Amino acid sequence: MSRVFVTLPLPPPGVDMLKDRFEVTMMEAEGMVANYAVGYNNVDVAAATRRGVLVTNTPGVLTDATADLAFALILAVARRIVEADKFLRDGKFKGWKADLLLGTDVYGRVLGIIGFGRIGQAVARRGLGFNMSVLYSDARRATPEVESELRAQYVPLDELLRKADYVTIHADLNDQTRHMIGERELKLMGPEHYLINAARGPIVDEKALVRALKEGWIKGAGLDVYEREPKTEPGLTDCWNAVLLPHLGSATVTARAAMAETAAKNLIAAVDGQTPPNLVNPEALAVKR
């Protein structure tokens with residue numbers, strides 16, 4: 001029986017599919033080859049390709065879960081949900097007041113989306129439900145049909161940062177996007193705007209973001225990812241105007257199960273000598289052969 005090494009515990013049905021076919025050994029560590037995520041910046045793809053190692057990911061199945069979370073961060077930071085919850089639990093709620101924990105409207109505001117792939121477009125659909133104007137910036141412009149369906153306007157990044165009330169990041173992490181949002185970009189946003197990041201932490205210069213939150217360059221931030229996970233930039237957790245989550249973008253039972261199943265299907269296809277359905281480095285096939 002062939003043996004499979006799984007680098008972190010996976011939920012069913014994915015791991016059950018593997019156990020039906022292979023002798024499975026599971027370890028608690030970050031994985032390679034059949035990556036259990038849509039992003040694969042945790043894998044040295046170039047090195048894998050040189051050695052003929054196939055790398056796969058799990059796109060599509062986590063789109064809605066991640067888009068839901070991004071929009072939850074928008075609502076949470078705008079309406080001060082986490083801060084208000086703590087206020088009540090700490091026994092500080094003594095009755096209704098006209099100026100108690102005032103937040104910012106979301107309905108009818110401008111939503112700026114950086115990275116307009118599957119997840120970015122899913123967030124745009126949610127924005128339409130709140131009657132938001134949608135601006136987007138991406139290395140590649142969407143088709144006219146997608147722009148029409150989502151009532152989305154393509155604009156340069158600087159214009160998006162200046163105009164959007166809520167800037168939400170859904171770009172891949174690569175050499176072009178690393179620190180895409182730094183001091184200059186945060187100051188372009190202005191003191192009434194919010195930054196949301198449910199993509200990859202290093203897209204944002206976290207040191208500059210802490211200054212932006214503390215000095216009022218922007219109004220607030222909602223973060224699910226960090227530059228040096230699981231560590232956060234000193235001072236970030238002191239920022240009352242930030243909602244901070246521990247990388248929960250795809251953390252629903254349905255999404256995580258589908259991710260495990262997709263990863264298992266990718267691995268089974270490779271072992272059977274087929275091209276995996278979610279292969280990210282097809283160049284490795286030539287090396288492998």
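This section describes strand pairing, aromatic contacts and salt bridges in a predicted model. Local features were taken at pLDDT of at least 70 and side-chain atom pairs at pLDDT 80 or more, whereas totals for chains, interfaces and linings use all residues. Residues are numbered from 1 along each chain as its sequence is written, and side-chain values use heavy atoms, with hydrogens and water left out.

Strand β4 spans residues 133-137. Helices (H or I, at least four residues) and strands (E, at least two) are DSSP runs, numbered from the N terminus. Four of the five residues of β4 are buried. Strand β3 (residues 110-114) runs parallel to β4, and five bridges join the two. Strands are taken to pair if DSSP finds at least two bridges between them. Val110 stands opposite Ser133 in β4. From β3 the chain passes through helix α5 (residues 118-129) to β4, in a right-handed β-α-β crossover. Right-handed here denotes a clockwise path from the first strand over the helix to the second, with the strands pointing away from the viewer.

β4 is also joined to strand β5 (residues 152-154), by three bridges. These two strands run parallel. Val134 stands opposite Ala152 in β5. Together, β4, helix α6 (residues 144-150) and β5 form a right-handed β-α-β unit.

Four aromatic pairs are present in the structure. Rings of Phe, Tyr and Trp (its six-membered ring) pair if their centres lie within 6.5 Å; planes under 30 degrees apart count as stacked, over 60 as edge-to-face and the rest as tilted. The ring centres of Phe71 and Phe130 are 4.9 Å apart and the planes lie at 40°, so this pair is tilted. The pair links distant parts of the chain, 59 residues apart. Phe71 lies in helix α3 (residues 63-78), and Phe130 in the loop between α5 and β4. Phe71 is buried, at 5% relative accessibility. Phe130 is partly exposed, at 28%.

A second pair involves β4. The rings of Phe116 and Tyr136 have centres 4.1 Å apart and planes at 15°, so they are stacked. Phe116 belongs to the loop between β3 and α5 and Tyr136 to β4, so the contact ties together parts 20 residues apart in sequence. Both residues are buried. Ring pairs link Phe116, Tyr136 and Tyr154 into a cluster.

Across the whole structure, 20 salt bridges were found. The criterion is a side-chain nitrogen of Lys or Arg within 4 Å of a carboxyl oxygen of Asp or Glu. One of them joins Glu83 to Arg80, with the closest N and O atoms 2.9 Å apart. Glu83 is partly exposed, with a relative accessible area of 27%.

Glu183 and Lys187 form another salt bridge, with the closest N and O atoms 2.9 Å apart. These residues are four apart in helix α8 (residues 183-189), so about one helical turn separates them. Glu183 is partly exposed at 35%, and Lys187 is partly exposed at 44%. In helix α9 (residues 206-215), Glu215 and Arg211 are likewise four residues apart, about one helical turn. Their side chains meet in a salt bridge at 3.4 Å, N to O. Arg211 is partly exposed at 37% relative accessibility. Salt bridges link Glu183, Lys187, Arg211 and Glu215 in a network.

Lys187 also contacts an aromatic ring. The charged end of Lys187 sits over the ring of Trp217, 4.7 Å from its centre. This contact requires NZ of Lys or CZ of Arg within 6 Å of the ring centre and within 35 degrees of the ring normal.

Key:
Buried < 20%, exposed > 50% of the residue type's maximum accessible area, 1.4 Å probe, protein only.
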